[in-house]
Amino acid sequence: MNPRNVDVVVIGAGPAGMAAATRMADLGMQVVLLDEQGSAGGQIYRGITLAPLSRRDLLGPDYAQGNALAQALAASQVRFEQGAAVWQVTREHQVSYLQGGSMRTLQARAVVLATGAMERPFPISGWTLPGVMTAGAAQILLKSAGLAPSEPVVLAGCGPLLYLLGWQYLRAGVQIKALVDTTRAEDYWRARRHLFAALRAWPYLRKGLDLMRSLRSAGIAHYKGAEHLAIVGEEAAQALTFTAAGQAQRIDTRCVLLHQGVVPNIQFSQSLRAGHAWDGEQLCFRPVTDGWGELDVPGVYVAGDGAGIGGAQAAALLGQLTALGIAARLGKLEEAERDRHAQPLRDQLDANLRIRPFLDALYQPKPANRIPADDVLVCRCEEVTAGQLRGFVGLGCTGPNQAKSFGRCGMGPCQGRLCGLTVTEVIADARGVSAAEVGYYRIRPPIKPITLGELAGD
């Protein structure tokens, strides 16, 4: 099959992808936007064009903001391909994807990776039991289908999403048994050095305080500084156990929602062998980009949370900046005009990101919740435990790629998405070296599972 030539392919229809695609189309470029879902929005604005007004109201004003981006995309000349599972991006800007059982390929002059973020693994004892989900997955069910648990839930972990989901569940009539918060007093002390900048982003702080106040007013039990979290159960979750204020606690529940932040989705940038660096504040790998989002792979850009966590509004601004950078690269804008259009966007971006250092310091996940005990599963697909990983290190395994050879770790259907960071940190801890030295999986296409028949059809 001969690939179709286009100016730009954008992968991911979240805030960054929608903003980048719309801006580039407005600047006269032929743009194709690809997304696996059946509508625009990404994870943060999941189902925004399909959600009834009652659901938008339940989810709150931050969610409703996505509608303006989606409407601008719909009114643009962007060719939006829905249900498109991208399985390969090459350094030569060729993008292959599966859609409706057929294989398709595009040849672009530039590619934008707007694949956003994914939830950080939370590998504790019992985290693979039925009845345990991530808070993000639970929120996606609420956004896309209006589905919520029919029995009391326990929210456990740290980060703003935990409070937001709790607030949304209250509005949806879901009973919340407890909020088990791993944030400790010393975390507030560590974050204090960023407080002045955070105060300059007062609307964000007020929003978080309002969410916490709503949960407190509802009488929900709130345990602070929780440690030693474990989910108890044989065939399914039966209880969450932990310690708080030096006291052992047990909350009987059949539904536990875990969360300790999000990290960039770097599968595509890793598969391109682009440069990546370890972020010591957000405790994750992030691709190395220039001021317009371009990787060290010429003509390939990363926009939004895929380059570092900043939130939905920052992602949309970064998408527009990437659009301007590509417009100049493709001769649609002079550099001086590009810079003139970019300056107000950069000013808005700086204002949006003032809160990030405070949040990163306050909600930094605890080592015990990132680097699990020996009996805890790390790679769910291939059922590899942390103890087995440490055993591999004892036999000479130095990094995630060797771990594949020792025990198929990271070789399952998720291609290392769910275990990548954990494997890196467990090996780094066992070797007594930095995560940066250990590195990440060597990602190869297909990024998403495809059958041999589908591949042969190309």
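What follows is my set of entries, grouped by topic.

**Before starting.** I am working from a predicted model.

**Strand S9.** I began with S9, residues 153-158. I checked burial along the strand, and six of its six residues are buried. I then sorted the side chains by direction: Val153, Leu155 and Gly157 point one way, while Val154, Ala156 and Cys158 point the other way. Both sets are buried.

Which strands does S9 pair with? One partner is S10 (residues 176-181), running parallel and joined to S9 by five bridges. Within that pairing I found Val153 opposite Ile176. Another partner is S15 (residues 256-260), also in the parallel sense and over five bridges. There, Gly157 stands opposite His259. I also followed the chain from S9 through helix H6 (residues 160-172) to S10, and the three make a right-handed β-α-β unit.

**Helix H17.** Next I went to H17, residues 420-431. I took its span from first C-alpha to last and got 17 Å for 12 residues, close to the 16 Å expected at 1.5 Å a residue. Is the helix enclosed or open? Nine of the 12 residues are buried, so H17 is largely enclosed by the rest of the structure. The buried ones are Gly420, Leu421, Thr422, Val423, Thr424, Glu425, Val426, Ile427 and Ala428. Just after the helix, Gly432 has a positive phi of about 75°.

**Cysteines.** I searched for disulfides and the count is zero.

**Cavities.** I ran the void search and noted three cavities of 30 Å³ or more. The largest cavity holds about 50 Å³ of space. Which residues line it? My list reads Met118, Val263, Pro264, Ile266, Cys284, Phe285, Leu421 and Tyr440. Leu421 I had already logged as a buried residue of H17. Strands S16 (262-264) and S18 (284-287) each supply at least two residues of this lining.

S17 (residues 276-279) and S18 pair in the antiparallel sense over four bridges. Trp278 stands opposite Phe285, and Phe285 is one of the residues lining the largest cavity. Four residues sit between the two strands of the hairpin, and Leu283 has a positive phi near 55°. Is Leu283 buried or exposed? Its relative accessibility is 9%, so I put Leu283 down as buried.

**Second largest pocket.** I moved on to the second largest pocket and wrote down a volume of about 280 Å³. Its lining takes in 20 residues. Nearest its centre lie Arg286, Ala307, Gly308, Leu318 and Leu353. Two helices, H11 (312-329) and H12 (335-353), each supply at least two lining residues. H11 gives the most, with three.

While in H12 I looked up Asp339, which has its place in that helix. At 36% relative accessibility, Asp339 is partly exposed. I also took the C-alpha separation between Asp339 and Ala328: 9.6 Å, for two residues that are 11 apart along the chain.

Most residues other than glycine have a negative phi, and most peptide bonds are trans. Ala245 is in the loop between strands S13 (239-244) and S14 (247-252). At 77% relative accessibility, Ala245 counts as exposed, whereas Leu283 is buried.

Where is the cis peptide bond I noted? It joins Pro445 and Pro446, with omega at about 5°. Pro446 lies in the loop between helix H18 (435-438) and helix H19 (452-456).

How values were computed: Residues are numbered from 1 along each chain as its sequence is written. This is a predicted model: local features need pLDDT of at least 70, side-chain atom pairs count only at pLDDT 80 or more; totals for chains, interfaces and linings use all residues. Side-chain values use heavy atoms; hydrogens and water are left out. The expected span of a helix is 1.5 Å times one less than its number of residues. Buried means under 20% relative accessible area, exposed over 50%, partly exposed in between (1.4 Å probe, protein chains only). A disulfide is a pair of cysteine sulfur atoms within 2.5 Å. Two strands pair if DSSP finds at least two bridges between them. A crossover is right-handed if, with the strands pointing away from the viewer, the path from the first strand over the helix to the second runs clockwise. On a 1 Å grid over the protein atoms alone, a cavity is a set of points where a 1.4 Å probe fits but cannot get out, and a pocket is an open set with protein on both sides within 12 Å along at least five of seven lines; lining residues have an atom within 4 Å of a point. Grid points are joined across faces, edges and corners, and a volume is the space filled by probe spheres set on the points.
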